[in-house]
Amino acid sequence: MGVPILKQGPFLIATIQAALADAELEGLRADLVQNVVRFRSLGVVVDVTAMDVMDSYSSKILIEISRMIRLRGTETVIVGIQPEVAFAMVQLGSTLADIPTALDLEEGLAYLHQRFGGLDHAIN
Amino acid sequence: MKLTIDIAQDKDVVAARQAGRIRALKLGFSLGDATLIATAISELARNIVSYTPGGTIAIADLNSKGRTGLQIVAQDRGPGIRDLELALRDGFSSSGGLGLGLPGVRRLMDDFEIESVAGQGTTIRLMKWLPTRVSGDHGT
């Protein structure tokens, strides 16, 4: 069962469920890049609200997703990091480098709209 | 109460950390502390999967001098860590000198012990204690 990816105009939204195993995160990495290419997306929101634990490996994969997608000229925003998860990540020393983050899906989309809004985006 | 989980593949990492999180919450740890414990378990379990043929994560209640806590023991049948000092050396990144993330794991818990024999395996013991309650009468 893969991570569901929704298309909202020029943006993609991936909502990660809790208890995601490594293989599924890696699958998301491949799926997102493919879909970014397929839909010529301008931005991607990865919603991690349901992730109750984020360790160094999940951070690493999210950073890879962001970098791969950026090579396609697309921006990634991570949203929904829970406060306890944020604290654990800082203690662990495993933060998300320079990937933009936002509080929730709404703010994540607002951020992307701000970056890319006003652009006339034609989807073929 | 003690629970031992076999760690062989990545789905076991999820099982182990969830078990730890649930037990921690049951013992009365805050959500924050339970998350730290689960994160530590996840890191150690992942090391077992990535670098060894397999191992176990044991989660056990602790009771000492009137304090309650949770103990995590990660044991593996791997090649062992030859340079423990290097493995525990830290800047402030999740990868210590050896990319095992051990300095980070140590920061998540109260107590940390490691024993490793080259060719035989590694045992890491983590402990976290419930904060002792301060009586309101004495004030601080």
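Colleague: Is Asp12(B) buried or exposed, judged by its relative accessibility?

Modeller: A residue is called buried under 20% relative accessible area, exposed over 50%, and partly exposed in between, with a 1.4 Å probe and protein chains only. Asp12(B) has 11% relative accessibility and therefore counts as buried. Please note that this is a predicted model, in which local features need pLDDT of at least 70, side-chain atom pairs count only at pLDDT 80 or more, and totals for chains, interfaces and linings use all residues. Residues are numbered from 1 along each chain as its sequence is written, chains are lettered from A and ligands numbered from 1 in the order in which they are written, and side-chain values use heavy atoms, with hydrogens and water left out.

Colleague: With which residue does the side chain of Asp12(B) meet in a salt bridge?

Modeller: A salt bridge requires a side-chain nitrogen of Lys or Arg within 4 Å of a carboxyl oxygen of Asp or Glu. The partner of Asp12(B) is Lys11(B), at 3.7 Å from N to O. Over all chains, the search of the whole structure finds 10 salt bridges.

Colleague: How many salt bridges are found across the interface of chain B and chain A?

Modeller: There are 3 across that interface. In one of them, Asp52(A) pairs with Arg21(B), with the closest N and O atoms 3.5 Å apart. To locate this pair, one uses helices (DSSP runs of H or I, at least four residues) and strands (runs of E, at least two), numbered from the N terminus. Asp52(A) lies in the loop between S3 and helix H2 (56-70) of chain A, while Arg21(B) lies in helix H1 of chain B. Both Asp52(A) and Arg21(B) are buried.

Colleague: Which residues are linked in a network of salt bridges?

Modeller: The network links Asp22(A), Asp55(A) and Arg46(B). The closest N and O atoms are 2.1 Å apart between Asp55(A) and Arg46(B), and 2.5 Å apart between Asp22(A) and Arg46(B). Because Asp55(A) is in the loop between S3 and H2 of chain A and Arg46(B) is in helix H2 of chain B, their pair joins two chains. Asp55(A) and Arg46(B) are each buried.

Colleague: What is the area buried between chain B and chain A?

Modeller: The size of an interface is often given as the accessible area lost when the parts come together. Buried area here is the accessible area (1.4 Å probe) that two parts lose on being put together, summed over both. Between chain B and chain A it is about 1,800 Å², with carbon and sulfur atoms giving 57%. On the side of chain B, Asp10(B), Arg17(B) and Arg46(B) lose the most area to chain A, together 26% of what that side buries. Counted by contact (heavy atoms within 4.5 Å), chain B gives 21 residues and chain A gives 20.

Colleague: How many residue pairs are in polar contact across this interface?

Modeller: A polar contact is a pair of N or O atoms within 3.5 Å; within protein, one must be able to donate a hydrogen and the other to accept it, and residues adjacent in sequence count only if both atoms are side-chain atoms. The interface has 9 such residue pairs, both residues being at pLDDT 80 or more. On the side of chain B that touches chain A, the elements giving two or more residues are helix H1 (10-27), helix H2 (31-51) and helix H4 (102-108). H2(B) provides the largest share, 9 residues.

Colleague: In which loop is Ser94(A) found?

Modeller: Ser94(A) is in the loop between helix H3 (83-92) and strand S5 (101-102) of chain A. Its relative accessibility is 5%, so Ser94(A) counts as buried. The side chain of Ser94(A) makes a polar contact with that of Ser59(A), at 3.4 Å.

Colleague: In what order do the strands of the sheet in chain A stand?

Modeller: Strands of a sheet pair through backbone hydrogen bonds, either parallel or antiparallel. Two strands are taken as paired if DSSP finds at least two bridges between them. In chain A, 5 strands form an open sheet in the order S1-S2-S3-S4-S5, with mixed pairing. Strand S1 (5-8) and S5 of chain A are at the edges with a single partner strand each, so one side of each has no neighbour in the sheet. S2 (residues 11-15) and S3 (residues 43-47) of chain A pair in the parallel sense over 5 bridges, and Leu12(A) stands opposite Val44(A) in S3(A).

Colleague: How many residues of strand S5 of chain B are buried?

Modeller: In S5(B) (residues 121-129), 7 of its 9 residues are buried. S5(B) pairs in the antiparallel sense with S3(B) (residues 67-76) over 7 bridges, and likewise with S4(B) (residues 111-117) over 7 bridges. Met127(B) in S5(B) is the bridge partner of Gln71(B) and of Asp111(B). S4(B) and S5(B) form a hairpin with 3 residues between them, and Gly119(B) in the turn has a positive phi of about 85°.
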